[in-house]
Amino acid sequence: MPKRKRKPASFTLAAALEQKERARKIRRKLSFGEKIERMERLRERLRPLKEAREVRRGKKANAPSRRVQ
Amino acid sequence: MGIKQTLDVINAMEKEGVITCYAIGGAVAAYNYIEPAVTEDLDVFLSIESASGLISLDPILSYLRGRGYKEFRKEGLVIEGWAVQFLPISDTLDQEALERARPVDIRANGGRVRARVMRPEHLVALALRVGRPKDLQRIGQFLDEKAVNLGQLRSVLDRHQLQQSWRSFCRKTGRSNPFAAK
């Protein structure tokens, strides 16, 4: 069976902004506890990225200077 | 591990007399009123009574150390996943914000916990005083989402001599000053 070519998804800026506003409205309606729980989950998801950034920064700070004396 | 467990520990400290009174401020308190923004730490404002006049967090830290909470993340002590910053009140604005904080029931992490949360007008005034870009952005959110009572905010700003900072905030962010004389 021939492989069907997937049409690349494209959005207009207006559609993206509209979607963003819709998500914002949903987030605003959440209760205090739900907002905090979402933030806790987000923080857990971001943790590996943050740790990788810290390692990168550490390496950069410890790297010998390239400047010729 | 989560906010409920963190606040349970802080409430136990209050019950056992390690701290007298506390209120949540900063970004987490703002979640009660506006769309949430990512934050790492939980700001806990508290009043510490000291006979000598010197304010020390030692009793709090040694209490928590005794319960196994020893890890620091940035300026906060990690309690059940949250880096908690204990901020002793330092001026009349802090004091008023602490005194007028409201008790709120928080349903999270499969349970319910009660904590005192600062009012929006005080959160805006405190953010204005700190004045970092993210604080100014948060003030903008309070205004855009109509989450702050402008009359009450004005009184807070007047009482704590923050009108000039407010005018500067309006100028920097290109907003018209709602308190400007017409």
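Reply: Quick ground rules before we start. This is a predicted model, where local features need pLDDT of at least 70, side-chain atom pairs count only at pLDDT 80 or more, and totals for chains, interfaces and linings use all residues. Residues are numbered from 1 along each chain as its sequence is written, while chains are lettered from A and ligands numbered from 1 in the order in which they are written.

Me: How many helices and strands are there in chain A?
Reply: Helices (H or I, at least four residues) and strands (E, at least two) are DSSP runs, numbered from the N terminus. Counted like that, chain A has zero strands and two helices.

Me: What percentage of the residues in chain A is buried?
Reply: A residue is buried if 20 or more other C-beta atoms lie within 10 Å of its own, exposed if 12 or fewer, and partly exposed in between, with C-beta atoms placed from the backbone. Chain A has 69 residues, and the buried share of them is 7%.

Me: Which helix of chain A gives the largest share of the side that touches chain B?
Reply: Contact here is between residues whose C-beta atoms, placed from the backbone, lie within 7 Å. On that basis 13 residues of chain A touch 16 residues of chain B. Helix H1 (13-29) and helix H2 (32-62) of chain A are the elements that give two or more residues to chain A's side. The largest share, nine residues, comes from H2(A).

Me: And by class, how many charged residues does that side of chain A have?
Reply: For the classes, Ala, Val, Leu, Ile, Met, Phe, Trp, Tyr, Cys and Pro count as nonpolar, Asp, Glu, Lys and Arg as charged, and the others, Gly among them, as polar. The side of chain A that touches chain B has four nonpolar and two polar residues, and its charged residues number seven.

Me: Over to chain B: what distance separates the centres of its two domains?
Reply: Chain B is divided into domain 1 (3-118) and domain 2 (121-173), with bounds that come from an automatic or database domain assignment. Taken over C-alpha atoms, the centres of domain 1 and domain 2 of chain B are separated by 22 Å.

Me: Which helix gives the most to the side of domain 1 of chain B that touches domain 2 of chain B?
Reply: The contact takes 13 residues from domain 1 of chain B and 11 residues from domain 2 of chain B. Helix H2 (26-30) and helix H4 (92-99) of chain B each supply at least two residues of domain 1's side. By class, that side has eight nonpolar, two polar and three charged residues. The helix that gives the most, with four residues, is H4(B).

Me: Why do H6(B) and H8(B) count as roughly perpendicular?
Reply: Axes are lines fitted to C-alpha atoms, for helices over the stretch in contact, and angles run from 0 to 180 degrees between N-to-C directions. Angles under 35 degrees count as roughly parallel, over 145 as roughly antiparallel, 65 to 115 as roughly perpendicular and the rest as oblique. Helix H6 (residues 133-144) and helix H8 (residues 163-173) of chain B have axes 11 Å apart, at an angle of about 90 degrees. That is why H6(B) and H8(B) are called roughly perpendicular.

Me: Is B:Leu136 buried, exposed or partly exposed?
Reply: B:Leu136 sits in helix H6 of chain B. Beyond its neighbours within four places in sequence, B:Leu136 is in contact with B:Gly131, B:Phe169, B:Lys172 and B:Thr173. With 16 other C-beta atoms within 10 Å, B:Leu136 is partly exposed.

Me: What is the phi of B:Lys146?
Reply: B:Lys146 is in the loop between H6 and H7 of chain B, and counts as exposed because it has 10 C-beta neighbours inside 10 Å. Most residues other than glycine have a negative phi. B:Lys146 is not a glycine, yet its phi is positive, at about 50 degrees.

Methods. Two residues are in contact if their C-beta atoms, placed from the backbone, lie within 7 Å.
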